[in-house]
Amino acid sequence: MTALEIADIIGIICFALSGFLIAVHYKLDILGVFISSFLTALGGGMIRDVLADRTPYVFTTNLPVILVVATVVIALLFKLHKIDDLEGKTAFIISDAVGLVSFSITGSIVAIQNEFNFLGVLILAFLTAVGGGTIRDILINRVPSILVSEFYATVALIIATIIFVLELLHLRSLPVLTVVFIFGVALRLLAYYRNWHLPTLSKE
């Protein structure tokens, strides 16, 4: 199994759980829960594949759909929807961070495989990581998290930059990407718990 496939699987599972928890928080019905989970888990990957002129992964294999459905069913069996303020729990924060970094890596790898330049790598990693969640947030009439969340999308850009440099130095390998993955998750968690934000514009 390649690094791309591993990162994709991890990202799909984690973002499916994230979509499930957001749907529960907004009291969506069971169909809404599945739609939220599918959009969050697969939306970014579909955008990535379309921009890379590839048939979307979800249309050529059943694994992504199986992973999303299994994640939602398991979440229901463990009654995660009955836990109060689950969005603020450590498990949710870690799951979302893992999904973010995993999809940042897959976007970067696909861009490099298609010989995109540095800007292309940044954009594809960014859209893969936050595309699905942004579509979901717009659909449920919520301000997309990338516009207000602390140091969220910035992590995707940092990961993309690191992977692009590693490719230039011919250092991209599964062990190295594993280190990048751990670094990215740690950075996102640190930013969340330290409440890091990018500067905002103010009239004062």
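Predicted model: local features only at pLDDT ≥ 70, side-chain atom pairs only at ≥ 80, totals over all residues.

Reader: How many Å should helix α8 span, and how far apart are its end C-alpha atoms?

Author: The idea is to count 1.5 Å a residue and compare the result with the model. Helix α8 covers residues 174-193, so its 20 residues should span 28 Å, and the 29 Å between its end C-alpha atoms agrees with that.

Reader: Which residues of α8 are buried?

Author: Here we look for residues under 20% relative accessible area. In α8 these are Leu177, Val180, Gly184, Val185, Leu187, Arg188, Leu189 and Ala191. Their cover includes α1 (3-25), α4 (90-113) and α7 (153-168).

Reader: Now the cavity. How many of 30 Å³ or more does the structure hold?

Author: There is one, and the largest cavity contains about 80 Å³ of space.

Reader: Which residues line the largest cavity?

Author: The lining consists of Asp8, Ile12, Ala41, Leu42, Gly45, Met46, Arg48, Asp49, Pro56, Tyr57, Val58 and Phe103. The elements giving two or more residues to this lining are α1 and α2 (30-51), with α2 providing the largest share, six residues.

Reader: How many residues of that lining are nonpolar, polar and charged?

Author: Sorting the lining of the largest cavity by residue type gives eight nonpolar, one polar and three charged.

Technical notes. Residues numbered from 1 in each chain as written. Heavy atoms only, no water. Helix = DSSP H or I, 4+ residues; strand = E, 2+ residues; numbered from the N terminus. Expected span 1.5 Å × (residues − 1). Buried < 20%, exposed > 50% of the residue type's maximum accessible area, 1.4 Å probe, protein only. Contact = heavy atoms within 4.5 Å. 1 Å grid on protein atoms, 1.4 Å probe; cavity = no way out; pocket = protein on both sides within 12 Å on 5 of 7 lines; lining within 4 Å. Points joined across faces, edges and corners; volume = space filled by probe spheres on them. Nonpolar A, V, L, I, M, F, W, Y, C, P; charged D, E, K, R; others polar.
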